[in-house]
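Hi there,

Here is the structure I promised to pass on to you. Have a look at it first, and then read on for my notes.

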Amino acid sequence: MWQKDKDHFIHPFTDFSVFHEEGCELITDSDGIYVEDSRGNRFIDGIAGLWCVNVGHGRAEIGQAMADQATRMAYFSTFNNLSNAPAAELSAKLAELAPSHLNHVFYSCGGSTANDATIRLVHYYFNRLGKPNKKRIISRNNAYHGTTYLAATLTGIESNNWAFDTLDHLVTHLSEANCYRRPEGMSEAEYCDHLVEEFEDTVAEIGADNIAAFIAEPIMGAGGVLVAPTGYHKRMQAVCRANEILYIADEVVTGFGRLGHFFASEAVFETQPDIINCAKGLSSGYAPLGATLISDEIYEVLGTPQGKGGVLSTGFTYSGHPVSCAAALKSIEIIEREAICENVREVGPYLERQLKTLGHHATVGNVRGSHFMMCLENVADKDTKALLPVEARVGDRIAFEAQKRGLIIRPVGHLNVISPTLIWTRETVDTAVAILDEALSAATESLQ
Ligand code: PLP
């Protein structure tokens with residue numbers, strides 16, 4: 001199996017120089033908070049697959065719901081006037097769970113395609129309003145919005161686009177909101193003013209008539225689990241409102257419970273986005289699915305025929321795929337039935353507190369995040385916040401030592417991300433933090 005994989009499977013986000021020597025790790029089994037490799041080693045999954053298996057692994061009832069749908073009617077088009085029951089039901093459920101003005105759903109195949117489709121719809125919306133110059137999308141450095149051409153352009157992680165091309169005429173990046181590395185001597189409140197002013201200045205420079213939307217993750221995920229200063233999102237939205245710029249919340253990671261609510265935008269950050277994008281936790285990763293939740297106001301324009309016999313000519317073969325929608329409906333049912341958002345609100349602050357106890361380790365410069373979305377930033381010097389050389393591979397070392405001890409966490413450069421399944425208990429947190437404590441000691445020692 002390893003040989004077949006090594007010879008033929010082009011893995012995403014993989015260093016092939018190392019891969020060709022080391023081959024891959026086959027994950028073969030899973031159950032609840034655990035996954036197991038082909039050698040029978042069992043690990044606590046500290047990354048929920050890839051920020052997505054929110055209800056935990058091995059849920060037979062999701063598998064059954066998918067099997068029932070697949071054997072009854074696995075696929076049929078949703079173009080024109082055709083539909084299927086799971087897609088219709090899921091749309092109504094999402095409208096119920098989302099902020100009250102978001103009542104319309106456009107389906108895609110994951111997070112990148114949701115973002116990509118959204119930008120096309122936003123451009124179409126302004127074209128229909130007779131404002132064809134409103135094209136530019138404002139994103140942020142270190143944002144992660146995916147890897148289709150347009151989503152990769154929205155993404156602001158420089159290394160991600162290295163040697164790739166991007167559609168730069170469509171996107172402008174602002175600074176990320178990085179409280180840990182904010183300018184020396186600036187309070188958090190002053191830093192917030194500074195970021196909002198940067199947005200205002202950018203709008204003045206480009207011209208509101210040329211800007212269609214601002215897109216932001218409520219908490220930046222892959223870019224380093226960056227929690228913005230208090231009030232930041234609300235104020236950024238106010239700038240959007242004042243300039244007829246749509247506010248798009250990319251809730252691909254934060255949606256479906258990770259911060260203790262189905263959607264974080266309104267419940268946590270007090271914003272009312274014009275559009276919310278979601279994927280990952282939407283189906284708990286049991287099937288590929290993305291969704292764009294659209295306001296009544298925008299829908300009124302999109303829903304008007306573009307001409308006699310005209311149609312909204314965009315969509316995917318798999319928009320509203322019945323098996324994926326059946327998986328999502330069952331996953332949402334589990335989140336509600338098992339009070340999983342409540343679990344995150346209860347256990348999340350405990351996870352934050354316990355991870356902060358690791359701050360005494362020599363490399364741990366910052367422990368940050370919120371609820372089940374956490375990160376350690378490793379440094380060479382805590383005072384200057386200087387980084388270790390890339391060759392030290394500090395994130396990899398720590399992740400390797402943790403995995404040896406039965407916990408999978410994610411290395412992202414000098415960072416380690418912890419984004420567990422949402423069913424961790426306080427006992428799971430204690431076990432995971434004890435493993436991390438040992439792993440950090442071992443990794444620090446190996447650096448000497
Ligand atoms: N948006 C955010 C915030 C993400 O974290 C991701 C993936 O990690 C995406 C979009 C892209 O999603 P996908 O990999 O499903 O295309």
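This is a predicted model: local features need pLDDT of at least 70, side-chain atom pairs count only at pLDDT 80 or more; totals for chains, interfaces and linings use all residues.

The residues touched by Gly 359 are Val 364 and Val 367. You will find Gly 359 in the loop between H13 and strand S11 (364-370). Gly 359 counts as exposed because it has 12 C-beta neighbours inside 10 Å. There is also Asn 378, which is 19 residues from Gly 359 along the chain, with 10.0 Å separating the two C-alpha atoms.

**The strands after that loop**

S11 itself is mostly covered, with 7 of its 7 residues buried. It runs antiparallel to strand S12 (residues 373-378), and 6 bridges join the two. Within this pairing, Arg 368 stands opposite Cys 375 in S12. The hairpin of S11 and S12 has 2 residues between the strands, and His 371 takes a positive phi there, near 50°.

S12 is also joined to S15, by 4 bridges, and these two strands run antiparallel as well. Here Cys 375 turns up again, with Val 417 as its bridge partner in S15. Strand S15 (residues 415-418) is covered on both faces: Leu 415 and Val 417 are buried on one side, and Asn 416 and Ile 418 are buried on the other. In general, side chains in a regular strand alternate between the two faces of the sheet.

S15 has a further antiparallel pairing with strand S14 (residues 410-412), made through 3 bridges. Pro 411 has Asn 416 as its bridge partner in S15. S14 and S15 form a hairpin with 2 residues between them, and Gly 413 in the turn has a positive phi of about 60°.

Strand S1 (residues 27-31) and strand S2 (residues 34-37) run antiparallel and are joined by 4 bridges. Asp 29 is partnered by Glu 36 in S2. In this hairpin, with 2 residues between the strands, Gly 32 has a positive phi near 60°.

As general background, nonpolar side chains in soluble globular proteins tend to be buried together. Leu 407 is worth a click: leaving aside neighbours within four places in sequence, its contacts are Phe 43, Ile 44, Gly 46, Ala 402, Ala 432, Ile 435 and Leu 436.

H12 has 16 residues and spans 22 Å from its first C-alpha to its last, close to the 22 Å expected at 1.5 Å a residue. Of its 16 residues, 12 are buried, so H12 is largely enclosed by the rest of the structure. Among those buried are Pro 322, Cys 325, Ala 327, Lys 330 and Ile 335. The cover over the buried residues of H12 includes helix H4 (60-73), helix H5 (85-97) and helix H13 (340-356). After H12 comes Ala 339, with a positive phi near 50°.

**Around the ligand**

The ligand is surrounded by 14 residues, of which the closest are Gly 110, Gly 111, Ser 112, Gly 146 and Val 252. Helix H6 (residues 111-128) supplies the largest share of this shell, 3 residues. By class, the shell has 5 nonpolar, 7 polar and 2 charged residues.

Most residues other than glycine have a negative phi. Two exceptions are worth checking when you have a moment. Ala 163 has a positive phi near 70° and lies in the loop between helix H7 (149-154) and strand S6 (171-174). Val 225 has a positive phi near 45° and sits in the loop between strand S7 (211-216) and helix H9 (232-242). Are they buried or exposed? Ala 163 counts as exposed, with 4 C-beta neighbours inside 10 Å, whereas Val 225 is buried, with 26 other C-beta atoms within 10 Å.

Finally, Glu 270 lies in the loop between helix H10 (264-267) and strand S9 (275-278). Glu 270 counts as exposed, with 11 C-beta neighbours inside 10 Å. Gln 237 is 33 residues from Glu 270 in sequence and 9.9 Å from it in space, C-alpha to C-alpha.

Best wishes, and enjoy the model!

Methods:
Residues are numbered from 1 along each chain as its sequence is written. Two residues are in contact if their C-beta atoms, placed from the backbone, lie within 7 Å. A residue is near a molecule or strand if its C-beta atom, placed from the backbone, lies within 6 Å of it. Ala, Val, Leu, Ile, Met, Phe, Trp, Tyr, Cys and Pro count as nonpolar, Asp, Glu, Lys and Arg as charged, and the others, Gly among them, as polar. The expected span of a helix is 1.5 Å times one less than its number of residues. A residue is buried if 20 or more other C-beta atoms lie within 10 Å of its own, exposed if 12 or fewer, and partly exposed in between; C-beta atoms are placed from the backbone. Two strands pair if DSSP finds at least two bridges between them.
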